[in-house]
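Please examine the sequence and the structure shown below.

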Amino acid sequence: MNESENTIHTCQLEVEGGNFNAAGTVATRIKSILKELKMPDDIVRRSAICCYEAEINIVSYAKKGIINLTVWPEKVLIEVDDEGQGIPDIKQAMQQGYSTANQLIREMGFGAGMGLYNITSYSDEFAISSEVDKGTFLKITINKH
Amino acid sequence: MKLRDIKEILNADVIVGEDKLDIEVKTAFGADLMSDVLAFAKAGSMLLTGLTNTQVVRIANVLDIAAIILVRGKKPPPETVSLAKDLHIPILTTKFILFETAGRLYAKGIVGCIEKVESGSERI
Amino acid sequence: MKLSEVKGILEARVFVGEDKLDMEVHTAFGADLMSDVMAFAKAGSLLLTGLTNSQVVKTAASRNIAAIILVRGKEPSTEAIDMAKELQIPILATQYILFETAGILYSKGIVGCLKKVDSDFYK
Ligand SMILES: Nc1ncnc2c1ncn2[C@@H]1O[C@H](COP(=O)(O)OP(=O)(O)OP(=O)(O)O)[C@@H](O)[C@H]1O
Ligand SMILES: [Mg+2]
C-alpha cells in the first residue's frame, strides 16, 4: 500500500533565519493543526517539541528553512530543510551540552546544547544530514505509543 | 493549591490570567534554559524563570504549562504579554529570586514536576 | 552548613574541590543566565545552575562564589573542570532539578543570597 494514500494532512511552513520574534510560530501552528486533527495528546506534544527545537535552530544558525508536515492517523513526519552554514561535525553537534550559540542567543535562553538531543529523545526515528555552507536536513518521525 | 495561593505566597503581581487564579497547581520546574525546559518540564506545571521574551510563552504553549512565574523582579515586554493573552497562559511576576521562590513554594508543598534527572534515562 | 553536608543532602558528586568540603555556606543563588549571575550572585554563596561551560566558572570566580552546584544531572565540560581547578572553585553535581535542589536546601536553612530584586533594577 502506498503510504501517501493514507495521509490525513500535509502542509509546508516557512521559517526565517535570524527572526527571533517569529521563532516558534511554526511549532505553535503545527500543534494546533494536530489538535484539530484530534491526534493523541502525546503525539501532539512530542511533535510540537521536536518542531520547536528544529525551528529555533534554523532561526539561530541558518538563513531560511522549510518545514514539511505529513500526518497519518497514528504517525507524524516532520521534515526540516534549511539553507545555511550547515554542521561540520554532526556527531559533536548531537552531544548534550555542545553549542556554538553566541552571547546574544544565550541571553535569550538558548545554547544549552540540548536541542538536537531533545529531538532524538522525543521522536521515534530521527535522521540528520548536513553540508557545510549549504544547509541541514532533518527527518523526524513520531509514532503513537 | 490554587494559583491564587501561589500569588499570595510569592507576593506576586498577575500580569496575564486574572481570570485563571482558580486553576490547581501541584508541581513546578525552574530554569532559564529553553531546551532544558523542553526536556524536563511537564504539562500542568508552573514554569519559574528569569526569561521574559516571547519564546518563553511559545514553550509554555508547546508544553501545556499551567502558568509562567517570572522571578527576580523581571517584567515581561509588551509582545510577551500580548502573546500570553492570545495563548491564554497566565503570567505572574515576583521580586523573589528563583532560589527563594522555589524554597517558599516547596515549603508549602509544591514539588518538582520531576525530582531528578537520571543520567541516560528516558525523558518522555 | 558545611559543603560536605550540602553534598550529602543533594547526593552530589564532587568534580572539583574534594579538599574544600569543610567550607561553611549559608546562602545560595540559582540561575542559568550568566548576566543574572553577574548581577545578583553574592560572594560566599552557592551557585545552582544548569550551565556547564567554562564561562560559568569564570563568572563564579569573578563573583567570589563559594561553590558551583550543577543541577538536573548535568556534568561539567572538561574545560570547566580545568578552569575550576585553576581558579579553585569546587564543582558539585546533583541529579535533582533546580526546583527540588532549592527546596531541599531551603528546608535545611540555606537562604537566598538576596531575597528580592527590585523591579527598578532593570530600568
Ligand atoms: N540547522 C542548523 N544549522 C547549522 N548548525 C546547526 C543547526 N542545528 C544545530 N546546529 C549546530 O549544532 C549545535 C547543537 O545544536 P542543539 O540544538 O543541540 O543545541 P543549541 O542550539 O546550541 O542549544 P539549545 O538547543 O539547547 O538551545 C548548535 O550549537 C550549532 O552549532
Ligand atoms: Mg538548538
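The following paragraphs treat salt bridges within individual chains and then the interface of two chains.

The model is predicted. Over all chains, 18 salt bridges are counted. One of them lies in chain A, where A:Asp42 pairs with A:Arg46 and the closest N and O atoms are 3.1 Å apart. Both residues belong to helix H2 (residues 41–61) of chain A, and because they are 4 residues apart there, about one helical turn separates them. The two partners can be described by their accessibility: A:Asp42 is partly exposed, at 32% relative accessibility, whereas A:Arg46 is buried, with a relative accessible area of 1%.

In chain B, a salt bridge joins B:Arg4 to B:Asp22, with 3.2 Å between the closest N and O atoms. B:Arg4 sits in helix H1 (residues 3–9) of chain B and B:Asp22 in the loop between strand S1 (13–16) and strand S2 (27–30), so the pair ties together parts that are 18 residues apart in sequence. B:Arg4 is partly exposed, with a relative accessible area of 38%, and B:Asp22 is partly exposed, with a value of 47%.

Chain C provides a further case, in which C:Arg72 forms a salt bridge with C:Asp32 and the closest N and O atoms are 2.9 Å apart. This pair links distant parts of the chain, 40 residues apart: C:Arg72 is in the loop between strand S4 (67–70) and helix H4 (78–87), and C:Asp32 is in the loop between strand S2 (27–30) and helix H2 (34–40). C:Arg72 counts as buried, at 2% relative accessibility, and C:Asp32 is buried, at 3%.

Salt bridges also connect chains. B:Asp32, B:Arg72, B:Lys74 and C:Asp36 are linked in a network of salt bridges. Within this network, C:Asp36 pairs with B:Lys74, the closest N and O atoms being 2.7 Å apart. Between chain B and chain C, 6 salt bridges are counted, and 15 residue pairs across the interface are in polar contact.

On the side of chain B that touches chain C, H5(B) gives the most, with 8 residues. By class, that side has 19 nonpolar, 7 polar and 11 charged residues.

As for the extent of the interface, 37 residues of chain B are in contact with 37 residues of chain C. The two chains bury about 3,200 Å² between them, 61% of it on carbon and sulfur atoms. In chain B, the residues that lose the most area to chain C are B:Arg72, B:Phe99 and B:Tyr106, which together account for 22% of what that side buries.

Notes:
Residues numbered from 1 in each chain as written. Chains lettered and ligands numbered in written order. Predicted model: local features only at pLDDT ≥ 70, side-chain atom pairs only at ≥ 80, totals over all residues. Heavy atoms only, no water. Salt bridge = Lys/Arg side-chain N within 4 Å of Asp/Glu carboxyl O. Helix = DSSP H or I, 4+ residues; strand = E, 2+ residues; numbered from the N terminus. Buried < 20%, exposed > 50% of the residue type's maximum accessible area, 1.4 Å probe, protein only. Contact = heavy atoms within 4.5 Å. Buried area = accessible area lost by both parts, 1.4 Å probe. Polar contact = N/O pair within 3.5 Å; in protein donor to acceptor, adjacent residues only side chain to side chain. Nonpolar A, V, L, I, M, F, W, Y, C, P; charged D, E, K, R; others polar.
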